[in-house]
Amino acid sequence: MESVPVRCPVCSRDHAYSTPAYPCPCGMPTAPPLLPDAPAVRVGHRSWNDVWVTVRCSSCAREDQWPQPELCCPCGTVLRIPVRPVATAPSPAAPVSPAHIPLPRTAAHPRPTFRPMTIRTGHDAVSAAGLYLAWLGYRDVGRPGAGPASGIDLRGDGVIAQVDSSTRPATLRAIETLWLNALGTSATGVYFSLAGYAPDARARADGVGLPLFVLDLTGTPQPVNSPADELVSTGA
């Protein structure tokens, strides 16, 4: 799996980013080719039209649209990782058998590989978060029967979640609202955001132990604070 060094322009933290691979229709694991010498770009506002890149399969040469690789720094900044344009991509290599991708080393116990769904709309974002909560082990996860109440988009056995699909970082008020709702229902609150979190929102979530995740457009949530890391490690 291709990996490149990434430095956050806000807090100067260094990261090693590996782009996730997803199967081409021919079966070959495929990922956008990264540019190792190009700096990551901070994502301030999202547009559905500029977060897709063209990727050529190294086996069958098929070209498809794939989500732009992104990384969420622990400081809350969302970074866009530059990729090599398909026009300058290297020639297709000889076909090889797909390799097995093991579970993350941070997993405390075996768990089936999470199968994400591509996000193109706000509805897709909620559906992707629901799939992830079910993968973590929560039962009966679904939308509230009477519609979202107080910002709650998903509810399950012992969990409530808010999914922010806007183009702005989640606010302190949104975090506090979810936390208070979780306290009132004796449930675990989980927040998912497409655009990351404001610094004060991230600090409050850390202080009250509220798990925060950033959703990329592949539909794969990434934990951005310690409570989220712990939830991924232990499950529901």
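Is glutamate 176 buried, partly exposed or exposed? At 24% relative accessibility, glutamate 176 counts as partly exposed, where buried means under 20% relative accessible area, exposed over 50%, and partly exposed in between (1.4 Å probe, protein chains only). The structure is a predicted model, in which local features need pLDDT of at least 70 and side-chain atom pairs count only at pLDDT 80 or more, while totals for chains, interfaces and linings use all residues. Residues are numbered from 1 along each chain as its sequence is written, and side-chain values use heavy atoms, with hydrogens and water left out. Helices (H or I, at least four residues) and strands (E, at least two) are DSSP runs, numbered from the N terminus.

- An open sheet is formed by 5 strands in the order 10-11-12-13-14, with mixed pairing; two strands pair if DSSP finds at least two bridges between them.
- Strand 10 (154–156) and strand 14 (221–223) stand at the edges with a single partner strand each, so one side of each has no neighbour in the sheet.
- From one strand to the next, the twist averages 25°.
- Strand 13 (residues 212–215) and strand 14 run antiparallel and are joined by 3 bridges.
- In this pairing, phenylalanine 213 stands opposite proline 223 in strand 14.
- Helix 1 (residues 122–136) lies across strands 10, 11, 12 (188–193), 13 and 14, and runs at about 150° to strand 11. Axes are lines fitted to C-alpha atoms, for helices over the stretch in contact, and angles run from 0 to 180 degrees between N-to-C directions.

- Isoleucine 160 lies in strand 11 (residues 159–164) and counts as buried because its relative accessibility is 1%.
- Among the residues that isoleucine 160 touches, not counting those up to four places away in sequence, are Ile152, Leu178 and Val190; contact means heavy atoms within 4.5 Å.
- The C-alpha atom of isoleucine 160 is separated by 9.6 Å from that of arginine 143, 17 residues apart along the chain.
- Arginine 202 belongs to helix 3 (residues 199–208) and, at 13% relative accessibility, also counts as buried.
- The contacts of arginine 202, not counting residues up to four places away in sequence, include Cys73, Tyr197 and Asn225.

**Helix 4**

- The buried residues of helix 4 (residues 226–234) are Pro227, Ala228, Leu231 and Val232.
- These residues cover an arc of only 140° around the axis, which puts them on the same side of helix 4; the arc is that of the directions from the helix axis to the C-beta atoms.
- The face turned away from the buried side of helix 4 carries the exposed residues Ser226 and Glu230.
- Helix 1, strand 12, strand 13 and strand 14 are included in what covers the buried residues of helix 4.
- Glycine 235, with a positive phi near 75°, follows helix 4.

**Salt bridges**

- The count comes to 5 salt bridges, each defined as a side-chain nitrogen of Lys or Arg within 4 Å of a carboxyl oxygen of Asp or Glu.
- One of them joins the side chains of glutamate 176 and arginine 204 (2.0 Å, N to O). Glutamate 176 lies in helix 2 (residues 172–185) and arginine 204 in helix 3, so the pair ties together parts that are 28 residues apart in sequence.
- Another links the side chains of glutamate 70 and arginine 80 (3.9 Å, N to O). Glutamate 70 is buried at 9% relative accessibility, and arginine 80 is buried at 17%.
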